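Please look over the model below. This report walks through its sheets, its helix packing and a few single residues.

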Amino acid sequence: MTHASAFISFLVFFPLLGSPWISASLDDPQYDHTAYTKCKEEPEKPLYNGGILESHQLPQSASSSPALLLHNLTTSTKYSFSSWVKIQSSDSDSALVTASLTTENEAYNCIGTVAAKRGCWSFLKGGFTLDSPSYSSTLSFQSSDGRDVTIAIASASLQPFTDQQWRRNQQDMINKVRKRAVTIHVSDYNGDRLQGVEINVKQVSKDFPFGSAIAKTILGNVAYQNWFVERFNAAVFENELKWYATEPRPGQINYTIADEMLEFVRVNRIVTRGHNIFWEDPKYTPEWVRNLAGPQLESAVDARIQSLMSRYREEFIHWDVSNEMLHFDFYERRLGPNATLRFFQTAHESDPLATLFMNEFNVVETCSDANSTVDNYISTLRELKRGGVSMDGIGLEGHFTVPNLPLMRAILDKLGTLKLPMWLTEVDISSTLGKEAQAIHLEEVLREGFSHPSVDGIMLWTALHPYGCYEMCLTDTSFQNLPAGDMVDNLLGEWRTKEVDGKTDDHGSYSFEGFLGEYEVSVKRGDQTANSTFALCQGVETRHVTILL
């Protein structure tokens, strides 16, 4: 079925207003990463001119549950949805508004959320895919907490992409943000260009950080170390820096294991994230700390920051300062509402070159978790910024089951407007799925992350233990790849420039496109040879490299 055969109509309190046929969409639409995070006096124009909604207008009257009736939605299609939303209730200044979708067979409880306000328009961006085709479905808006809130919507858009179009858009973006054109010029020492010179180019390192969690099990395990180093250029310690690991009893601080793991990543030139200084979940707070309050707790947390940060100053590129602070608030409840802000300030003073991250789950994985909606994440970041926090970063854990890729991309789009470092920090797929399914869905998530222009790094949560891994392993304990490991290896090969062999043209030049990173190049003409290196960094212009022979 083509998208031209789909049609829609609008409802308010679900009365049918009409269902005329829609006009045909473009064969291969370009995905629009546009997003907004500030409330506006007037809504912007709809993305894609409304997509398959373009020939219709939203109802002018607001209601407690405005809705759209959609017809002939298909599987194997990614639907990108957006709308401007405003609260018009006289008794409510703001509300978390959820967009949901109901088909004949399924209920999708959340395909997007927005923190809507009274008096201005807020932008909701989300999306969905269907498990089965739907002749008639309803896309509705409602207050997430069940309150009777009057909601107005405007400039709605629903843009379908076939799976092939979605993949082509990903590849186009990879070509734009992860690769760059290179021209190598070969000249003699008189400055004359040399034709027909043999050229060999090898990529020796990658610019994009892609890695995994490691645990103390890697220490002394040469097979594990070799397996890891052959694949990854980034790491994070799974548990070994957490407070309960370094100081299980008051004053008994032991960094021996963390130090040994740090030696391993240093020797292998692997960039490493610091995880974490504090964890707001009391379940993972040392028992002796849970028994403290007031000045005693303040003294303990100050000592923790000073001890950890002074020992590892400038060793870690990031620090997750107050882990999962949108879901838990142990320190805020004990030390007051500014406790987290003080943690960030003290950590920055202790290691000013490290980027300080929020780190949360259920931000990109779903929009059903009211604690960690994209707007709540953004609001918290802005509160920290107003409090004086600098060099803050966006950490998105990424513990998925079956990913909603259009929603994931929409959330990355909104977070990307903040222009802050953004990493997927703990990616895995639930063990409730089989190993083959884990591999399939992991590939979907990794392609989405690597192709998004605002994502700066990806970490897998796949530290290997004798019992397995947290949720998903890449390899067994004999270092034979599991399906997810094979898939990761395939992507690592795909996202690396293959060895290049060629000859200079009539202008003494040779051009190619390569992934960002470090390169070695050798040239040969007869018995003359020369070797050089160059770095390929992000940029829109062709990188020119000149070699003298």
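Thr 183 stands opposite His 544, a residue of strand β24. This is a predicted model. Strand β9 covers residues 179-187 and pairs with β24 in the parallel sense. Six bridges hold that pairing.

The two strands belong to an open sheet of three, ordered β21-β9-β24, with mixed pairing. β21 (509-515) and β24 (543-548) are the edge strands, and each pairs on one side only. From one strand to the next, the twist averages 25 degrees.

## An antiparallel four-stranded sheet

A second open sheet has four strands, in the order β20-β10-β22-β23. Here the pairing is antiparallel. The edges are β20 (500-503) and β23 (528-536). Each has a single partner strand, so one side of each lacks a neighbour in the sheet. On average, neighbouring strands of this sheet are turned by 20 degrees against each other, direction ignored.

Strand β10 (residues 198-206) and strand β22 (residues 517-525) pair over eight bridges, in the antiparallel sense. Ile 199 stands opposite Val 523 in β22.

## Val 201 in β10

Val 201 sits in strand β10. Is Val 201 buried or exposed? Val 201 is buried, at a relative accessible area of 1%. Leaving aside neighbours within four places in sequence, its contacts include Ile 184, Lys 498, Glu 499 and Val 500. Phe 512, Tyr 519, Glu 520, Val 521 and Phe 534 are also in contact with Val 201.

Sequence separation and spatial distance can be set side by side here. Val 201 and Lys 216 are 15 residues apart in sequence. In space, their C-alpha atoms are 37 Å apart.

## Strand β6, covered on both faces

Strand β6 spans residues 122-128. Seven of its seven residues are buried, so β6 is largely enclosed by the rest of the structure. Both faces are covered. Ser 122, Leu 124, Gly 126 and Phe 128 lie on one side. Phe 123, Lys 125 and Gly 127 lie on the other.

Strand β3 (residues 77-87) runs antiparallel to β6, and seven bridges join the two.

## Helix α11 against α12

Now the helices. Helix α11 covers residues 435-451, and helix α12 covers residues 483-494. Their axes come within 8 Å and cross at roughly 30 degrees. Angles under 35 degrees count as roughly parallel, so α11 is roughly parallel to α12. The crossing is right-handed.

Which residues of α11 meet α12? They are Lys 435, Glu 436, Ala 439, Leu 442, Glu 443, Leu 446 and Arg 447. On the α12 side, the partners are Pro 483, Ala 484, Met 487, Val 488, Leu 491 and Glu 494. By class, this contact of α11 with α12 has eight nonpolar, no polar and five charged residues.

## Helix α11 against α10

Helix α10 (residues 405-416) packs on α11 at an angle of about 25 degrees, with the axes 11 Å apart. The two helices are therefore roughly parallel to each other. Their crossing is right-handed.

From α10, Leu 405, Met 408 and Arg 409 meet α11. Their partners in α11 are Glu 444, Val 445, Glu 448 and Gly 449. This contact of α10 with α11 divides into three nonpolar, one polar and three charged residues.

## Helix α11 against α1

Helix α1 (residues 163-177) also packs on α11, at about 40 degrees and with the axes 8 Å apart. The pair is therefore oblique. α1 passes α11 in a left-handed crossing.

α1 contributes Trp 166, Arg 167, Gln 170, Met 173, Ile 174 and Val 177. They meet Glu 443, Arg 447, Glu 448, Phe 450 and Ser 451 in α11. The contact of α1 with α11 has five nonpolar, two polar and four charged residues.

## Thr 346 in helix α8

Thr 346 is found in helix α8, which covers residues 339-350. Its relative accessibility is 14%, so Thr 346 counts as buried. Not counting residues up to four places away in sequence, Thr 346 touches Ile 305 and Gln 306.

Technical notes
Residues are numbered from 1 along each chain as its sequence is written. This is a predicted model: local features need pLDDT of at least 70, side-chain atom pairs count only at pLDDT 80 or more; totals for chains, interfaces and linings use all residues. Side-chain values use heavy atoms; hydrogens and water are left out. Axes are lines fitted to C-alpha atoms, for helices over the stretch in contact, and angles run from 0 to 180 degrees between N-to-C directions. Angles under 35 degrees count as roughly parallel, over 145 as roughly antiparallel, 65 to 115 as roughly perpendicular and the rest as oblique. A crossing is left-handed if the near helix is turned anticlockwise from the far one by less than a right angle, and right-handed if clockwise. Contact means heavy atoms within 4.5 Å. Ala, Val, Leu, Ile, Met, Phe, Trp, Tyr, Cys and Pro count as nonpolar, Asp, Glu, Lys and Arg as charged, and the others, Gly among them, as polar. Buried means under 20% relative accessible area, exposed over 50%, partly exposed in between (1.4 Å probe, protein chains only). Two strands pair if DSSP finds at least two bridges between them.
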